[in-house]
Amino acid sequence: MTDLLGQADGVLRMIEAHFEPQITVRGNEITISGQAAQSQVVSALFAEMISLVQKGERLTPESLERSIELLEGGECSPSALYADVLLTHKGKQLRPKTAGQKRYVDAIRANTVTFGIGPAGTGKTYLAMAMAVDALKKREVGRIILTRPAVEAGESLGYLPGTLYEKVDPYLRPLYDALFDMMDIEKSQQFMDRGIIEVAPLAFMRGRTLNDSFIILDEAQNTSPEQMKMFLTRLGFGSKVVITGDVTQIDLPKGKSGLKQVREILMDVSEIAFVELDSKDVVRHKLVQRIVNAYHVFEEARASASATVTAAAAADIAGRRQDRTP
């Protein structure tokens with residue numbers, strides 16, 4: 001009961017603060033009374049919590065909040081997430097933490113090409129990397145290829161010091177960080193030296209055919225339509241592709257993103273899946289979720305204001321034309 005309710009009944013207090021039904025604990029018996037619909041949700045929550053505690057899982061405020069969101073949404077049960085272990089490294093189990101992330105990893109398993117689209121902190125690249133490393137360990141693929149576009153942000157690559165690889169390395173660093181979090185640095189370095197793991201800018205993919213590989217294209221919102229087509233046509237036999245990006249963070253000069261266009265082109269093609277993640281799937285600091293929501297509200301308001309101005313301008317032009325009509 002201590003593991004279930006938390007120290008000083010901290011977990012119980014969080015549940016009571018979130019729900020209306022009255023919860024009474026006597027010994028090993030929990031009684032829930034109140035409105036039927038909410039009582040059923042609370043009862044289901046306790047059943048899930050008991051199942052997790054029996055499996056040796058430690059309940060935390062963060063995991064409790066996610067469990068409540070899952071049960072209220074009705075899309076996925078918390079135990080289904082805990083049962084879906086993607087990779088175990090140094091005793092740490094990596095698994096999806098939200099219903100959206102569960103849909104994402106299920107889509108990767110079921111399809112040859114999967115697009116993961118969503119804001120920062122939703123685990124798009126991290127989960128794809130976990131599945132890639134797991135597939136390599138199980139010998140389902142022969143190599144992992146990690147790539148992303150090297151989009152300049154105010155400083156030309158040509159003026160950076162070092163060789164070409166040293167110039168593009170800062171752009172690829174997030175991929176290295178995710179890889180080293182799931183595989184020993186020495187072992188991953190050996191795999192890179194042998195070509196089993198390759199981290200390269202997107203431009204290096206041109207002219208290649210990638211067979212027996214797990215390929216991840218990160219920051220795909222910064223690919224042009226031509227680059228996206230080039231990358232997708234690199235797909236070879238026995239390979240799986242995951243493409244991740246956030247269409248609200250396009251750094252291309254003219255804003256013509258291949259990621260925004262590709263959905264219209266490939267939406268109805270079999271073995272290709274598009275998974276949308278949102279602020280509910282953010283698993284970083286809670287403040288990140290609030291930031292994502294705030295930007296979403298701001299952009300919607302700006303788009304609405306822009307549409308109103310455009311409509312008013314169109315009406316004004318139409319009125320002038322009518323005035324000039326004899």
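1. Contact means heavy atoms within 4.5 Å. In that sense, Gln101, Tyr104, Val105, Ile108 and Arg109 of helix H6 meet Lys124, Leu127, Ala128 and Met131 of helix H7. The residues of this contact divide into 6 nonpolar, 1 polar and 2 charged; Ala, Val, Leu, Ile, Met, Phe, Trp, Tyr, Cys and Pro count as nonpolar, Asp, Glu, Lys and Arg as charged, and the others, Gly among them, as polar.

2. Some notes on the source come next. This is a predicted model, in which local features need pLDDT of at least 70 and side-chain atom pairs count only at pLDDT 80 or more, while totals for chains, interfaces and linings use all residues. Residues are numbered from 1 along each chain as its sequence is written, and side-chain values use heavy atoms, with hydrogens and water left out.

3. The protein chain has 12 helices and 10 strands. Helices (H or I, at least four residues) and strands (E, at least two) are DSSP runs, numbered from the N terminus. Of the 326 residues in the chain, 43% are buried; buried means under 20% relative accessible area, exposed over 50%, and partly exposed in between (1.4 Å probe, protein chains only). Among contacts between residues at least 6 apart in sequence, 68% join residues at least 24 apart.

4. How do H6 and H7 pack? Two packed helices are described by the angle between their axes and the distance between the axes. For H6 and H7 the angle is about 40° and the axes are 11 Å apart. Axes are lines fitted to C-alpha atoms, for helices over the stretch in contact, and angles run from 0 to 180 degrees between N-to-C directions. H6 and H7 are therefore oblique to each other, since angles under 35 degrees count as roughly parallel, over 145 as roughly antiparallel, 65 to 115 as roughly perpendicular and the rest as oblique.

5. The largest nonpolar core has 37 residues, and those with the most contacts inside it are Met129, Val133, Leu136, Ile197 and Phe214. A nonpolar core is a set of buried Ala, Val, Leu, Ile, Met, Phe, Trp, Tyr and Cys residues joined through side-chain atoms within 4.5 Å. Elements giving two or more residues to this core include H6 (99–110), H7 (124–137), helix H8 (164–180) and strand E7 (197–201). H7 supplies the largest share, 9 residues.

6. Leu136 touches Val141, Gly142, Arg143, Ile144, Met183, Phe191, Ile196 and Ile197, leaving out residues up to four places away in sequence.

7. Two residues other than glycine deserve a check of phi. Glu219, in the loop between strand E8 and helix H10 (225–232), has a positive phi near 55°. Glu271, in the loop between helix H11 (258–266) and strand E10, has a positive phi near 70°. Glu219 counts as partly exposed at 27% relative accessibility, and Glu271 counts as partly exposed at 49%.

8. Is Gly238 buried or exposed? Gly238 is exposed, with a relative accessible area of 55%. Gly238 lies in the loop between H10 and strand E9 (240–245), and touches Val141, Asp212 and Ser213, not counting residues up to four places away in sequence.

9. Ser33 is in strand E2 (residues 29–33) and counts as partly exposed at 35% relative accessibility. The C-alpha atoms of Ser33 and Pro21, 12 residues apart along the chain, are separated by 5.4 Å.
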